[in-house]
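Subject: Structure for your review

Dear colleague,

Please find below the structure that I am handing over to you. My findings follow directly after it.

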Amino acid sequence: MKNKLLNSGFGIGNLIFVAAVILALPLRIYQYVSGILEPATGFFAENHWSTYALYAVLILAIAAVLILGIAKRKTLDYSYDAVKRPAFGALSGLVAAGLIIDLFSCLDTIAPLAADAGSAISPEVTASYVVMGQMALSVLSAIFFVVLCITSLSGKGSGAEFRILSLAPVLWSMLRMVYRFTRTISYVRVSELLFEMVMLVFMIMFFMAFAQCNSKVNENDCKWKLAAYGLPAALMALVTSVPRLILNLIGGADLIYSQSTLEFSDFAVALFIIATVLTRVIVKKENEIAAETPSETEE
């Protein structure tokens, strides 16, 4: 496993990501079960060593991955080979399934918003329109990931011809972020919301880079971003989704902040990003790097 992580395009960056996940998930689960997080408000109930440790792990890991990505920006490439990619295809299908599952959870979100709407310009009405837009983009995004699933499993193409549709996950992530901005609550004191916002920022940048690379639209300067932005997005997605999934399975759903429920798409997207970095991000051949160097020098 270690050799596979090192031999892939991003190398040591993958190991940093794995180490961060191994350290961060137990810390986050511990915060839930020990009562350090208040389910009613989402605030930390007390200053605790685990809070500082978790933030340190996340900040250091994200910073290291970004620095490595920038350092390797001239050597990383994206594999366009039309071959069968079972893992990549299966996880693309899983994302599509996660999007459809979350689509139904959006219906539960809209109902109370509509009930609380007092005027045509109330925050609740604005939020309900944002959620409806998110639902529409969930369907379009699911279609795109189904296309990726079929082409990857068959080995015939990469879905590059669906350029417009590839923007759906970008817009879907943006609307998810906009919806969170409609909440009248502290974005710093509520760690769940803060983690979700950071996750969505990196998801937006990853999906934009993926759309450009997969569609071959100004892709040369975006290939390193798949790893540099993707792994932080995957890290934050796992930190937010895995503890919630575990708590739901063990009957501890009441320990989760009420406005940060489990979203299956986050977990699926995290796995998709990992598959992308491990199977599609590769190192350029030495002759390709050498061929690009003179043109860069002349500029």
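Two residues are said to touch, or to be in contact, when they have heavy atoms within 4.5 Å. Please bear in mind that this is a predicted model.

Thr 240 lies in helix 8, which covers residues 223-249. Its relative accessible area is 1%, and a residue counts as buried under 20%, so Thr 240 is buried.

Ala 237 also has its place in helix 8. With a relative accessible area of 0%, Ala 237 is buried. Its contacts, again not counting residues up to four places away, are Met 199, Met 203, Val 242, Asp 266 and Ala 270. Although Ala 237 and Met 199 are 38 residues apart in sequence, their C-alpha atoms are 6.0 Å apart in space.

Overall architecture

The protein contains 10 helices and two strands. Their order along the sequence is α-α-α-β-α-α-α-α-α-α-β-α. Of the 299 residues, 49% are buried. Among contacts with a separation of 6 or more, 76% are between residues 24 or more positions apart. The accessible surface amounts to about 13,800 Å², and carbon and sulfur atoms contribute 68% of that area.

Helix 7

Helix 7 runs over residues 191-215. At 1.5 Å a residue, its 25 residues should span 36 Å, and this agrees with the 36 Å between its end C-alpha atoms. Because 20 of these 25 residues are buried, helix 7 is largely enclosed by the rest of the structure. Just after the helix, Lys 216 adopts a positive phi of about 60 degrees.

Together with Leu 167, Leu 171 and Met 174, Met 208 forms a nonpolar patch on the surface, with about 300 Å² of accessible area in total.

Helix 2

Helix 2 comprises residues 12-33. Its 22 residues should span 32 Å at 1.5 Å a residue, in agreement with the 32 Å that separates its end C-alpha atoms. Its buried residues include Phe 17, Val 21, Leu 25, Arg 28 and Tyr 32. An α-helix has 3.6 residues a turn, so residues three or four places apart point the same way. Just after helix 2, Gly 35 takes a positive phi of about 80 degrees.

Aromatic residues

How many aromatic pairs does a search of the whole structure find? The search gives 16. One of them joins Phe 144 and Phe 145 edge-to-face, at 5.6 Å centre to centre and with 65 degrees between the planes. Both Phe 144 and Phe 145 are buried. The rings of Phe 206 and Phe 210 are stacked, because their planes are at 25 degrees, with the centres 6.1 Å apart. Phe 206 and Phe 210 are four residues apart in helix 7, which means that about one helical turn separates them. Phe 206 and Phe 210 are both buried.

Yours sincerely

How values were computed
Residues are numbered from 1 along each chain as its sequence is written. This is a predicted model: local features need pLDDT of at least 70, side-chain atom pairs count only at pLDDT 80 or more; totals for chains, interfaces and linings use all residues. Side-chain values use heavy atoms; hydrogens and water are left out. Buried means under 20% relative accessible area, exposed over 50%, partly exposed in between (1.4 Å probe, protein chains only). Accessible areas come from the Shrake-Rupley method with a 1.4 Å probe; for residues, only the protein chains shown count as cover. The expected span of a helix is 1.5 Å times one less than its number of residues. Patches are made of residues with over 30% relative accessible area and no salt bridge: like charges are joined within 9 Å, nonpolar side chains (Val, Leu, Ile, Met, Phe, Trp, Tyr) within 5 Å. A salt bridge is a side-chain nitrogen of Lys or Arg within 4 Å of a carboxyl oxygen of Asp or Glu. Rings of Phe, Tyr and Trp (its six-membered ring) pair if their centres lie within 6.5 Å; planes under 30 degrees apart count as stacked, over 60 as edge-to-face and the rest as tilted.
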